[in-house]
Amino acid sequence: MSQSIFDDNDVFKNMNPLKVQVMRELVEDVKEKSMRETAPLILAAMQKLKNKGLSFNAEETAVLMEVLTRDMSPGDKAKVQSMKNILKKNPARQGSFRQKRPK
């Protein structure tokens, strides 16, 4: 995938450089992978940011998902859209995707 998405989209111009780096790495890592293979990589990237006290905001997440789904099969795109729809309908479920901290 062309790196121009990072040059062409204004959201990246003001983004923390570490976020941009993690996003670039993630885009490279998920090339030609199925949604099943991609999900753990996304979670690992988010954990990497969390360890640095950072996270993607809503706009950054939307752009990331757009970039990541661009080369997916229609079936995988439909699965991603279904997950997004479920999360929009039930925001409380969004937290269920986060790792639980040991007590």
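In this predicted model, helix α2 passes helix α3 in a right-handed crossing. The two helices pack with their axes 10 Å apart, at an angle of about 165 degrees. Angles over 145 degrees count as roughly antiparallel, and α2 and α3 are therefore roughly antiparallel to each other.

The residues that meet in this contact are set out below.

| Helix | Residues in the contact |
|---|---|
| α2 | Leu 18, Lys 19, Val 22, Glu 25, Leu 26, Asp 29 |
| α3 | Leu 41, Ile 42, Ala 45, Lys 48, Leu 49 |

By class, the residues of the contact of α2 with α3 comprise 7 nonpolar and 4 charged, with no polar ones.

Of the 103 residues, 27% count as buried. Among contacts with a separation of 6 or more, 58% join residues 24 or more positions apart.

In soluble globular proteins, nonpolar side chains tend to be buried together. The largest nonpolar core here has 19 residues, of which Phe 6, Phe 12, Met 23, Leu 26 and Leu 68 touch the most other members. At least two residues of this core come from each of α1 (4-8), α2 (17-29), α3 (35-51) and α4 (58-69). The largest share, 5 residues, is supplied by α2.

Which residues does Leu 26 touch, not counting those up to four places away in sequence? Leu 26 touches Leu 41, Ile 42, Ala 45, Leu 64 and Leu 68.

Terms used:
Residues numbered from 1 in each chain as written. Predicted model: local features only at pLDDT ≥ 70, side-chain atom pairs only at ≥ 80, totals over all residues. Heavy atoms only, no water. Core = buried A, V, L, I, M, F, W, Y, C linked by side-chain atoms within 4.5 Å. Buried < 20%, exposed > 50% of the residue type's maximum accessible area, 1.4 Å probe, protein only. Helix = DSSP H or I, 4+ residues; strand = E, 2+ residues; numbered from the N terminus. Contact = heavy atoms within 4.5 Å. Axes fitted to C-alpha atoms, helices over the stretch in contact; angles between N-to-C directions. Parallel < 35°, antiparallel > 145°, perpendicular 65-115°, else oblique. Left-handed = near helix turned anticlockwise from the far one by under 90°. Nonpolar A, V, L, I, M, F, W, Y, C, P; charged D, E, K, R; others polar.
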